[in-house]
Amino acid sequence: MLPCGSPPRAIVQIVEKLKNEGCAAYIVGGALRDAMLAGTWQVVADWDLATSARPEKVMELFPEHVPVGIEHGTVKILVENFAAEVTTFRVEGEYRDHRRPEKVTFTSQIEEDLKRRDFTIGAMAYDPIAQALLDPFGGQRDLALRLVRAVGDPKERLREDHLRLLRAVRFASTLGFQLEENLFQAIYQERRGIRTLSQERVSAELVKILRGPDPARGFRLLKKLGLLQEVLPELVEGLDLRLEVMAELPPSLHLRLAALLNGMDSNLAKQILRRLCLPRKVGEKVLLIVSWQGKKPQDTELDLRKFLAQVGKEAALDLVALWRSEARARGKYGQECEEKLSQIVQLTYKKLPLQIADLAVNGRDVMEILGIGPGPEVGEVLEQLLEQVILCPELNEKTTLEKILKLEEE
Ligand code: ATP
Ligand code: MG
């Protein structure tokens, strides 16, 4: 079950340096889990290391560290093309507000550190020098069974930190695992605890589900567990069809979000996107798609050209992908539907004038020919030219447009 070969030299060297100082050091967390699952260390990009050395000692040994997460005892080290997060062994104090431990207490015992971790598959430790695996909670067994199981009593662990409600679903969804039965029941019973979490922490997990290999399954699980009703109640109704559409789409975040918000009023979609704390660019792309979802153009070439000019080529191709998936999900996909959609795709390949910048004349030409200075009129004239050129792309030649301008001047 251990991954083949060794971890990268640079990572082993970090462990070596710590051990030479008389400290214990291990590869832990998602790095170990993912490598064991894949059977190779090559899949790991973000390394989680745990050590008995105190953070000050780690910083002293690795001057190239970045000061990130030090309040949790984490020191980030950048080596070659990897980032390694080295965290001092710790036990967590009381979780008085169910969110963050009251205080971080360090320990010299790796076993104590593994005990505070949430799921068995992330509660193992590997010493790459002794080549020894510590697995006190059956993480290897659960990897083989493809199960997300809590370390210790699931209800208690969820109550300590409600983010674990979502982390469990995220791991099940991104790894393609099942939730162990007791954990499943406990999440359902504790689901309301999610209300205590900040919007940012909830969103970060939801977005990880959306970026993962099977977001539709993740969202189905969220609904089954009563979590979706808590965080995005607007999505509950009609979810199944939206998820079917999503499952057929290419794996890009903005398209998946557009599928999730399919058929929704633009204002509501805007609100939900704001709640998800997405980068502004992603939100804008999704909103553009959502606002056009219900307005498939007629199939005359003129309609299609107007449509392309209004939404732009990129969003047009996104919309085609979405309409295609929707037709499939509704059982309405066939040759006729594909022909209509591929007409749009083919038009995007053509060098059609769709924006002011595509015109064969520019603002300077307009000012010169009409004998006017800079001002809004120049833009208006260009807009009018564009309208004509969209109707009849053959007009987009410099001499022809100059003639049109001169005629207008008269
Ligand atoms: P990934 O990096 O793929 O999101 P991960 O398992 O590495 O997954 P991290 O959030 O990087 O998750 O945390 C590293 C490890 O720290 C986890 O594997 C887990 O053992 C522990 N951990 C992280 N967050 C929590 C938490 N909220 N409760 C308990 N243990 C946690
Ligand atoms: Mg990690």
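Start by selecting lysine 295 and tryptophan 292: in this predicted model, lysine 295 lies over the face of tryptophan 292, 5.2 Å from the ring centre. Turn the view until you look down onto the ring.

Now select glutamine 293, which is found in the loop between α15 and α16 (301–311). Is glutamine 293 buried or exposed? Its relative accessibility is 7%, so glutamine 293 counts as buried, the cut-off being under 20%. Show what surrounds this residue. Setting aside neighbours within four places in sequence, glutamine 293 is in contact with Ala258, Ala259, Leu261, Asn262, Gly263, Leu319, Leu322 and Trp323.

Ala258 and Ala259 lead you to the next stop, helix α13, where both are buried. Select residues 253–260 to see the helix, which is mostly covered: eight of its eight residues are buried. Among them are Leu253, His254, Arg256 and Leu260. Which elements do the buried residues of α13 pack against? Colour these to find out: α9 (199–211), α10, α12 (239–248), α14 (266–275), α15 (280–292) and α17 (313–329).

The axes of helix α7 (residues 163–175) and helix α10 (residues 215–224) come within 9 Å and cross at roughly 145°. The crossing of α7 past α10 is right-handed. Show side chains here: from α7, pick Leu166, Val169, Ala172 and Ser173, which meet Arg217, Gly218, Leu221 and Leu222 in α10. By class, this contact has five nonpolar, two polar and one charged residues.

Next, look for rings. How many aromatic pairs does the structure hold? There are seven. Begin with tryptophan 41 and tyrosine 126, a tilted pair with 5.5 Å from centre to centre and 35° between the planes. This pair links distant parts of the chain, 85 residues apart: tryptophan 41 sits in the loop between α2 (29–38) and β2 (46–51), and tyrosine 126 in strand β8 (residues 125–127). Tryptophan 41 is buried, with a relative accessible area of 4%. Tyrosine 126 also counts as buried, at 7% relative accessibility.

For another pair, select phenylalanine 119 and phenylalanine 171. Their arrangement is edge-to-face, with 6.1 Å between centres and 80° between the planes. Here too, distant parts of the chain are linked, 52 residues apart: phenylalanine 119 is in the loop between α4 (110–115) and β8, while phenylalanine 171 belongs to helix α7. Phenylalanine 119 counts as buried at 2% relative accessibility, and phenylalanine 171 counts as buried at 7%.

Move on to tyrosine 188 and arginine 191. Arginine 191 lies over the face of tyrosine 188, at 4.1 Å from the ring centre. Keep Arg191 selected, as it is one of the residues in contact with glutamate 230.

Glutamate 230 is the last stop, in helix α11 (residues 228–231). At 22% relative accessibility, glutamate 230 counts as partly exposed. Which residues is glutamate 230 in contact with, leaving aside neighbours within four places in sequence? They are Arg191, Arg192, Ile194 and Arg195.

Terms used
Residues are numbered from 1 along each chain as its sequence is written. Chains are lettered from A and ligands numbered from 1 in the order in which they are written. This is a predicted model: local features need pLDDT of at least 70, side-chain atom pairs count only at pLDDT 80 or more; totals for chains, interfaces and linings use all residues. Side-chain values use heavy atoms; hydrogens and water are left out. Axes are lines fitted to C-alpha atoms, for helices over the stretch in contact, and angles run from 0 to 180 degrees between N-to-C directions. Helices (H or I, at least four residues) and strands (E, at least two) are DSSP runs, numbered from the N terminus. A crossing is left-handed if the near helix is turned anticlockwise from the far one by less than a right angle, and right-handed if clockwise. Contact means heavy atoms within 4.5 Å. Ala, Val, Leu, Ile, Met, Phe, Trp, Tyr, Cys and Pro count as nonpolar, Asp, Glu, Lys and Arg as charged, and the others, Gly among them, as polar. Rings of Phe, Tyr and Trp (its six-membered ring) pair if their centres lie within 6.5 Å; planes under 30 degrees apart count as stacked, over 60 as edge-to-face and the rest as tilted. Buried means under 20% relative accessible area, exposed over 50%, partly exposed in between (1.4 Å probe, protein chains only). A charge sits over a ring if NZ of Lys or CZ of Arg is within 6 Å of the ring centre and within 35 degrees of the ring normal.
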